[in-house]
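Visitor: Good morning. I am new to this structure; may we go through parts of it together?
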Amino acid sequence: MTALTTAELEDAVIEYERQEPFATVEAERLESMPEAFADGSYNWKDVEWVVRWFGRRRRTSAVHPAEEAFRTNDWGDVQDAIGATLEAMEHTDDAERIPPPQTEIEQALEALADLEGFDVPVASALLFYADPDRYLVVDDRLWEALVSAGALEAVSSTPDPFDAVSYHQYLEACHELRTEHDITMVGLYRALWRISGSE
């Protein structure tokens with residue numbers, strides 16, 4: 001893959017909406033879930049849906065390990081962890097900064113780290129659904145798409161495991177692309193997902 005053009009990204013977003021099975025319900029969730037997280041009206045099934053969405057985007061029949069692990073959590077622990085995550089996202093000195101500062105990312109991820117099934121990529125999915133203007137889900141496929149596009153030139157391989165530092169680096173690259181191509185973070189996700197899947 002070479003450097004991405006605006007036209008390529010726009011075409012990929014259209015293809016995502018036509019071809020990806022999650023496109024419609026994903027759009028609905030991205031509209032409703034940020035408010036649900038903000039006002040505390042989310043429930044177990046909402047959080048479970050995010051975990052399921054993360055694992056099933058690859059259209060595999062296998063259940064992602066995070067799904068089974070998530071089900072072993074206590075709901076009170078889940079609520080506490082998400083509450084601490086949202087507080088980290090809302091009450092830092094730079095809560096409106098784009099991209100989010102590394103300290104905010106570290107605190108938000110740390111709050112989710114004790115939950116079963118929540119490594120950094122799964123946690124990033126929850127951050128994406130809580131604040132899709134500032135956060136974006138990360139995984140090996142999306143990371144490698146940015147590397148191939150030259151947006152992460154200094155990195156030659158996918159982090160193993162992902163951590164707060166690599167996730168911050170990824171978000172910085174995503175926000176640079178978003179600004180350069182005048183695209184939303186949701187649109188960027190959809191474009192990268194389609195482009196990487198066509199390789």
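Visitor: What covers the buried residues of α2?
Guide: The cover includes α1 (6-19), α3 (44-56), α5 (75-90), α7 (120-130) and α10 (185-197). Helices here are DSSP runs of H or I with at least four residues, numbered from the N terminus. This is a predicted model, in which local features need pLDDT of at least 70, side-chain atom pairs count only at pLDDT 80 or more, and totals for chains, interfaces and linings use all residues. Residues are numbered from 1 along each chain as its sequence is written, and side-chain values use heavy atoms, with hydrogens and water left out.
Visitor: And which residues of α2 are buried?
Guide: They are A23, E26, L30, M33, P34, A36 and F37; buried means under 20% relative accessible area, with a 1.4 Å probe and protein chains only.
Visitor: Where does α2 kink?
Guide: The kink, of about 35°, is at S32, shortly before the proline P34. The bend is the angle between axes fitted to the seven residues ending at a residue and the seven starting there.
Visitor: What follows α2?
Guide: G40 does, and its phi is positive, near 80°.
Visitor: Changing topic, where is the charged end of R141?
Guide: It sits over the ring of W193, 3.7 Å from the ring's centre. The rule asks for NZ of Lys or CZ of Arg within 6 Å of the ring centre and within 35 degrees of the ring normal.
Visitor: Which residue lies over the face of F54?
Guide: R57 does, at 4.7 Å from the ring centre.

Methods:
Helices (H or I, at least four residues) and strands (E, at least two) are DSSP runs, numbered from the N terminus. Buried means under 20% relative accessible area, exposed over 50%, partly exposed in between (1.4 Å probe, protein chains only). Contact means heavy atoms within 4.5 Å.
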